Amino acid sequence: MRYVRDMRGYGANPPHPQWPGDANVCVQFVVNYEEGGENNILHGDAASEAFLSEVVGAAQWPGKRHWNMESIYEYGARAGFWRLHRIFTEANVPVTVYGVATALARSPDHVAAMQDADWEIASHGLRWIDYRDHAEADERADLIEAIRLHTEVVGERPKGLYLGRTSVYSVRLAAAEGGFEWISDTYDDELPYWLDHDGHGNAISPQLVIPYTLDANDMRFATAQGFNSGDQFYAYLKDSFDTLYREGAAGRPRMMSIGLHCRLVGRPGRAEALRRFIEYVQGHDKVWLARRQDIAQHWRDTHPYQPQALRPSRMGRDEFVQRFGSIFEHSPWIAERAFEFELGPAHDSAGGLHNALSRAFRSASESERLGVLTAHPDLAGKLAQAKRLTEESTKEQASAGLDALTDAERARFTELNTTYVEKFGFPFIIAVRDNDKASILKAFETRIANNRDQEFLTACKQVERIAWYRLHDLLPR
């Protein structure tokens, strides 16, 4: 009953990235170098390539070479790469290359040009093929060989990885390998983040993830509902940049990744849009142009991994109930029932766990909920005077000054408590941290006029509000 996907991420209040130069946005260009690593029976594959080309509706040809497809990919290496190389080097813009190891091995001049330009060369896997149906062991073997061949061709092992055509194993295998400073096989955020589990709840060394993009990406020149012209590509990039730049100026800087392919944007009718966008970006002063390895280093220095002390979704039953059984006053059964829900990373925050516990409370019978209400002490009542409240209740009542009442105030509370309990059958409950002594007295006097059904619902909502505060003392928001 554990949900492995993380639908919360940083939540409503992500960290400020503190980009160098107080930049409003970090812009990062990726050149995917896949030419010579795509599906081809010459490479031992069962069929030709059919992905991301000028051939509309292309399909694989089993057991055959697809001459047109091959020549389109060859264009990327022979002409498109060099056009992109000139554009970026003339503009002095840093680049990260996603390099397919077998493609790099077949293009030594290109590798040398990347290195001369001080481009980062990250791994794009061993071959540019789809891994969705591969056995885990086979994909692991290809990853190891990709690192070996990349190191041999480039002269150093890759520090980053983006596989692209992934399986459910890909991210976990990359993190478990242990040698990548960053991986990018996610599209789930606009800031880097630390991944400290493999998607199945098993602890591994924390892995830095720098999310990638498929929207600000020239691949949409070759997909349905994509870009038909360079102007469309430029307009989309510009609008994306403008939004991020404006949000960054307002205090929420982000990262913008742009994905490029030599055989796609390397065509002259599209390359001009890229050149115009680079000029547009460079016309703004609060922009950090970086390679992914630069982003990774900055994030490690500025936002190093900080383990979260409590992870409810990863706890065993006994620990979960021990930690959260008192959130609803003297009612550990609520935590016991919440533990059986489909908890996940979204429940590892105060708000997320509060929702789970409140669900258990709301779905209980009326008599069970009444038991929770009657488990609460009177405000400033006999238990408080005898110092027999729970630690949480003691702190809460003290926060509103209910531990320091005058004789007249105590008499008034005693009178109200007696009247209230006689009418409703449970004590008056209010989240004292929302109030002070005067507002509590006013609410007391007002709510006594409610009918029983109204007050039962009101008291239940106040029980949930008290739980909300208690959880915020224990977990991140």
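Reader: Is Arg148 buried, partly exposed or exposed, and what relative accessibility does Arg148 have?

Author: Bear in mind that this is a predicted model. The general idea is that a residue is called buried under 20% relative accessible area and exposed over 50%, with partly exposed in between. Arg148 has 39% relative accessibility and therefore counts as partly exposed.

Reader: Which side chain does Arg148 meet in a salt bridge, and where do the two residues lie?

Author: A salt bridge is read from a side-chain nitrogen of Lys or Arg within 4 Å of a carboxyl oxygen of Asp or Glu. Here the partner of Arg148 is Glu145, with 2.7 Å from N to O, and both residues lie in helix H4 (residues 136-154), where they are three residues apart, about one turn of the helix. Glu145, at 29% relative accessibility, likewise counts as partly exposed.

Reader: Which parts does the salt bridge between Arg314 and Asp196 tie together?

Author: The side chains of Arg314 and Asp196 meet at 2.9 Å, N to O. Because Arg314 lies in the loop between helix H8 (292-302) and helix H9 (317-324), while Asp196 lies in strand S6 (residues 193-197), the pair ties together parts that are 118 residues apart in sequence. As for accessibility, Arg314 counts as partly exposed at 34%, whereas Asp196 counts as buried at 9%.

Reader: Are Glu329 and Arg470 buried or exposed, and how many residues apart in sequence are the parts they tie together?

Author: Both Glu329 and Arg470 are buried, and their side chains meet in a salt bridge of 2.8 Å, N to O. Glu329 is in the loop between H9 and helix H10 (332-339) and Arg470 is in helix H17 (residues 452-472), so this pair ties together parts that are 141 residues apart in sequence.

Reader: How many salt bridges does the structure hold, and which residues are linked in a network of them?

Author: The structure holds 30 salt bridges, and Glu34, Glu35 and Arg263 are linked in a network of such bridges.

Reader: How should I read helix H6: what is its reach, and what covers its buried residues?

Author: One begins by setting the reach of a helix against the span expected at 1.5 Å a residue. H6 (residues 230-249) has 20 residues and reaches 28 Å from its first C-alpha to its last, close to the expected 28 Å. Its buried residues include Phe233, Tyr234, Leu237, Phe241 and Leu244, and among the elements covering the buried residues are strand S1 (25-33), strand S8 (254-261) and helix H7 (268-282). Just after H6, Gly251 takes a positive phi of about 110 degrees.

Terms used:
Residues numbered from 1 in each chain as written. Predicted model: local features only at pLDDT ≥ 70, side-chain atom pairs only at ≥ 80, totals over all residues. Heavy atoms only, no water. Helix = DSSP H or I, 4+ residues; strand = E, 2+ residues; numbered from the N terminus. Expected span 1.5 Å × (residues − 1). Buried < 20%, exposed > 50% of the residue type's maximum accessible area, 1.4 Å probe, protein only. Contact = heavy atoms within 4.5 Å.
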